[in-house]
Amino acid sequence: MAVECTGRNVEVTPSLLNLARERAERLERHLGGPAKVRIVLSHEKRRFGAEIIATHRRRRWNAHEYTADPRAAVALAFEKIDAQAKKDAEKMRNRKNRASPRLQPAAEPAPDVPARGRKPAPQTGPDRRIVRVSRPAVKPMSAEEAALRIESSDQELLVFRDSGTEKLSVLYKRRDGNFGLIEC
């Protein structure tokens, strides 16, 4: 535990330092390890301010509080830090327990196919998602070879490296039955 206390226009008393150490120990219990805590006390216009910066591993929390009593300002600022740390820990816990998208069941195909020439209605809300597929191998071939390969498969597009220019290209089936070629 490292508690650094600084005073601006105010004297840091031993009681304030003890309060800060006690609250830092409580914070470390929530975090599960040592934390570095910096406290900056200030006095401006009959108000005491407490700014607390707590760091633990690669996480950092800030809190500012202004009251008429310096002990109350420190206590309220530490409550804010505790709340931030608890919220952050809960996020990390939920992220770790979340199911992998690969383990979730595959999406069912849409039952109604739109008429030719019309675009399907855009999906909205949580039903719309991005499904990652395996990364295709980009093989060197000519545009004619790519056309033969896309005709023999049920794919609608093919990414390949043009053997003549060594540039990345995309060949896709058009609605009129022809092929489109995009050279990158």
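Q: A polar contact is a pair of N or O atoms within 3.5 Å, where within protein one atom must be able to donate a hydrogen and the other to accept it. What joins the side chains of D82 and R23?
A: In this predicted model, a polar contact of 3.5 Å joins the two side chains. The limit is within 3.5 Å, so the pair D82 and R23 counts.

Q: Why is D82 called buried?
A: The relative accessibility of D82 is 6%. Buried means under 20%, so D82 counts as buried. D82 is found in helix α2. Leaving aside neighbours within four places in sequence, D82 is in contact with R23, R26, L27 and H30.

Q: Which residues of α1 are buried?
A: They are L16, L19, A20, R23, A24, L27, E28 and L31.

Q: How does the reach of α1 compare with the span expected at 1.5 Å a residue?
A: From first C-alpha to last, the 18 residues of α1 reach 25 Å, close to the expected 26 Å. After α1 comes G32, with a positive phi near 80°.

Q: Which residues touch the most other members of the largest nonpolar core?
A: They are L27, V37, I39, I52, V74, F78 and I81, in a core of 21 residues. Two or more residues of this core come from each of α1 (14-31), β2 (36-44), β3, β4 (59-67) and α2 (70-97). Among the contacts of L27 beyond four places in sequence are V37 and I81. In soluble globular proteins, nonpolar side chains tend to be buried together.

Q: Why is M141 called buried?
A: M141 has a relative accessibility of 7%. The cut-off for buried is under 20%, so M141 counts as buried. M141 is found in strand β5 (residues 140-141). Beyond four places in sequence, M141 touches A146, R149, L158, F160, R161, D162 and S163.

Q: Is H56 buried or exposed?
A: H56 has a relative accessible area of 1%. Buried means under 20%, so H56 is buried. H56 is found in strand β3 (residues 47-56). A polar atom of the H56 side chain lies 2.9 Å from the backbone oxygen of P34. Not counting residues up to four places away in sequence, H56 touches L31, G33, P34, A35 and W61.

Q: Why is N9 called exposed?
A: The relative accessibility of N9 is 67%. Exposed means over 50%, so N9 counts as exposed. N9 is found in the loop between β1 (2-8) and α1. The phi of N9 is positive, about 65°, although N9 is not a glycine.

Q: Is R57 buried or exposed?
A: R57 has a relative accessible area of 68%. Exposed means over 50%, so R57 is exposed. R57 has its place in the loop between β3 and β4. R57 is not a glycine, although its phi is positive, about 55°.

Q: Is C184 buried or exposed?
A: C184 has a relative accessible area of 56%. Exposed means over 50%, so C184 is exposed. C5, with a relative accessible area of 24%, is partly exposed.

Q: To what does the count of disulfides come?
A: The count comes to zero disulfides. The rule asks for a pair of cysteine sulfur atoms within 2.5 Å.

Notes
Residues are numbered from 1 along each chain as its sequence is written. This is a predicted model: local features need pLDDT of at least 70, side-chain atom pairs count only at pLDDT 80 or more; totals for chains, interfaces and linings use all residues. Side-chain values use heavy atoms; hydrogens and water are left out. Helices (H or I, at least four residues) and strands (E, at least two) are DSSP runs, numbered from the N terminus. Buried means under 20% relative accessible area, exposed over 50%, partly exposed in between (1.4 Å probe, protein chains only). Contact means heavy atoms within 4.5 Å. A nonpolar core is a set of buried Ala, Val, Leu, Ile, Met, Phe, Trp, Tyr and Cys residues joined through side-chain atoms within 4.5 Å. The expected span of a helix is 1.5 Å times one less than its number of residues.
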